[in-house]
Amino acid sequence: MTPPAGDRDPAHTPVRPVRVLLCDDHAVVRAGLLALLSSAPGIEVIGEAGDGEEAVALAAALRPDVVLMDLQLGSGIDGIEATRRIAGLPEREAEREAGREVECDDGRDVEREAGRAGGRDVEREAAGRGAAGRGAAGRGAPHVLVLTTYDTDADINRAIEAGATGYLLKAERPEELFSAIRAAAAGRSTLSAPVAHRVLAQMRSPRPGLTDRELDILGQLARGLSNREIARALFISEATVKTHLGRIYDKLGVDTRAGAVSVAKEQRLLP
């Protein structure tokens with residue numbers, strides 16, 4: 001006989017696993033992560049995405065606790081933009097959820113759309129999801145944990161600014177990944193040691209970013225154009241180009257054109 005709800009022992013209440021969505025454009029990597037995470041207690045992979053658009057769509061539909069996000073995703077939006085969109089899901093979902101009535105029926109959520117289609121109520125059951133099963137949908141947007149091989153300042157800054165909860169490198173040990181996923185699900189930030197070192201270094205000696213004009217000139221520089229050709233392309237004087245180049249060199253910590261292009265590519269300042 002099942003005891004009344006008030007008489008149940010909290011110690012025997014099952015703990016809901018952390019629900020994870022994988023996003024990586026390499027099928028082999030996703031398969032490896034799926035096998036790895038399947039061995040971790042308290043972690044459940046509920047979906048896989050091969051590109052950024054798919055990750056956003058699945059995050060909105062499945063409402064995972066954590067999205068494990070790569071940065072380079074081939075064609076389409078990259079991991080940064082996908083992270084930004086996933087972090088914004090509560091605002092968009094709030095509009096879709098307006099007027100929706102949530103009922104409980106024998107441990108199942110029954111969501112009734114207030115809007116009508118063809119004069120009929122649209123009714124959708126989310127079977128198997130109780131109050132705990134609503135997970136991220138009840139607490140806000142899924143947390144995004146970046147898992148990548150890139151550890152440049154530009155990548156780290158863009159990911160954090162986009163709303164990533166944590167930033168982990170693929171070289172980490174499995175136990176560190178498991179711990180980071182659980183921390184992300186609880187809203188706690190986790191950074192790989194090299195990433196944390198870079199963040200601290202930036203805080204101690206911040207380097208000013210490039211202006212839009214400097215980025216324009218840097219892009220022309222990467223094409224191999226001379227100062228005169230850059231001036232013509234951007235409708236500015238050659239002296240102005242030289243002034244901007246000097247500032248670019250100072251900000252990137254280089255003293256040659258080739259060095260500027262090399263560092264810019266390393267920091268992914270160029271498309």
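**Figure 1. Valine 66 in strand β3.** Valine 66 is a residue of strand β3, shown here in a predicted model. Its relative accessibility is 0%, so valine 66 counts as buried. Beyond residues up to four places away in sequence, valine 66 touches Val18, Arg19, Val20 and Leu21, together with His143, Leu145, Ile181, Ala184 and Ala185. One of these residues, isoleucine 181, lies 115 residues from valine 66 along the chain, yet the two C-alpha atoms are separated by 6.9 Å.

**Figure 2. The chain as a whole.** The chain contains 12 helices and eight strands. Of its 271 residues, 38% are buried. Among contacts in the chain with a separation of 6 or more, 59% are accounted for by residues 24 or more positions apart. The accessible surface of the chain comes to about 15,000 Å², and carbon and sulfur atoms contribute 52% of that surface.

**Figure 3. Aspartate 24 in the loop between β1 and α1.** Aspartate 24 is placed in the loop that runs between β1 (18-23) and α1 (27-38). The relative accessible area of aspartate 24 is 2%, and the residue is therefore buried, the limit for this class being under 20%. With neighbours within four places in sequence left aside, aspartate 24 is in contact with Val29, Arg30, Ala49, Gly50, Asp70, Leu73 and Lys170. Glycine 50, one of these partners, is the subject of the next view.

**Figure 4. Glycine 50 in the loop between β2 and α2.** Glycine 50 is found between β2 (43-49) and α2 (52-62), in the loop that joins them. Its contacts, apart from neighbours within four places in sequence, are with Asp24, Asp25, Arg30 and Leu73. The contact lists of aspartate 24 and glycine 50 each include Arg30 and Leu73. The C-alpha atom of glycine 50 is also separated by 5.8 Å from that of cysteine 23, a residue 27 positions away along the chain.

**Figure 5. Two residues other than glycine with positive phi.** Arginine 63 lies in the loop between α2 and β3 (66-69). Although arginine 63 is not a glycine, its phi is positive, at about 50 degrees. Arginine 63 has a relative accessible area of 8% and is buried. Phenylalanine 235 is placed in the loop between α10 and α11. Its phi is near 60 degrees, again a positive value in a residue other than glycine.

**Figure 6. Packing of helix α10 against helix α11.** Helix α10 (residues 227-234) and α11 pack with their axes 8 Å apart, at an angle of about 105 degrees. The two helices are therefore roughly perpendicular to each other. On the α10 side the contact involves Asn227, Arg228, Ile230 and Ala231, and on the α11 side Glu238, Val241, Lys242 and Leu245. By class, these residues comprise four nonpolar, one polar and three charged.

**Figure 7. Packing of helix α9 against helix α11.** The axes of helix α9 (residues 212-222) and α11 cross at roughly 95 degrees and come within 10 Å of each other. Helix α9 is therefore roughly perpendicular to α11. Helix α9 supplies Arg213, Glu214, Ile217, Leu218 and Leu221 to the contact, while α11 supplies Val241, His244, Leu245, Arg247, Ile248 and Lys251. The contact has six nonpolar, one polar and four charged residues.

**Figure 8. Packing of helix α11 against helix α12.** Helix α11 (residues 238-252) packs with helix α12 (residues 257-266) at an angle of about 55 degrees, and the axes are 10 Å apart. This angle makes α11 oblique to α12. The crossing of the two helices is left-handed. Leu245, Ile248, Tyr249 and Leu252 of α11 meet Arg257, Ala260 and Val263 of α12. Six residues of this contact are nonpolar, none is polar and one is charged. Leu245 of α11 takes part in the contact with α12, in that with α10 and in that with α9.

Note on methods: Residues numbered from 1 in each chain as written. Predicted model: local features only at pLDDT ≥ 70, side-chain atom pairs only at ≥ 80, totals over all residues. Heavy atoms only, no water. Axes fitted to C-alpha atoms, helices over the stretch in contact; angles between N-to-C directions. Helix = DSSP H or I, 4+ residues; strand = E, 2+ residues; numbered from the N terminus. Parallel < 35°, antiparallel > 145°, perpendicular 65-115°, else oblique. Left-handed = near helix turned anticlockwise from the far one by under 90°. Contact = heavy atoms within 4.5 Å. Nonpolar A, V, L, I, M, F, W, Y, C, P; charged D, E, K, R; others polar. Buried < 20%, exposed > 50% of the residue type's maximum accessible area, 1.4 Å probe, protein only. Areas by Shrake-Rupley, 256 points an atom, 1.4 Å probe, with all protein chains shown as cover.
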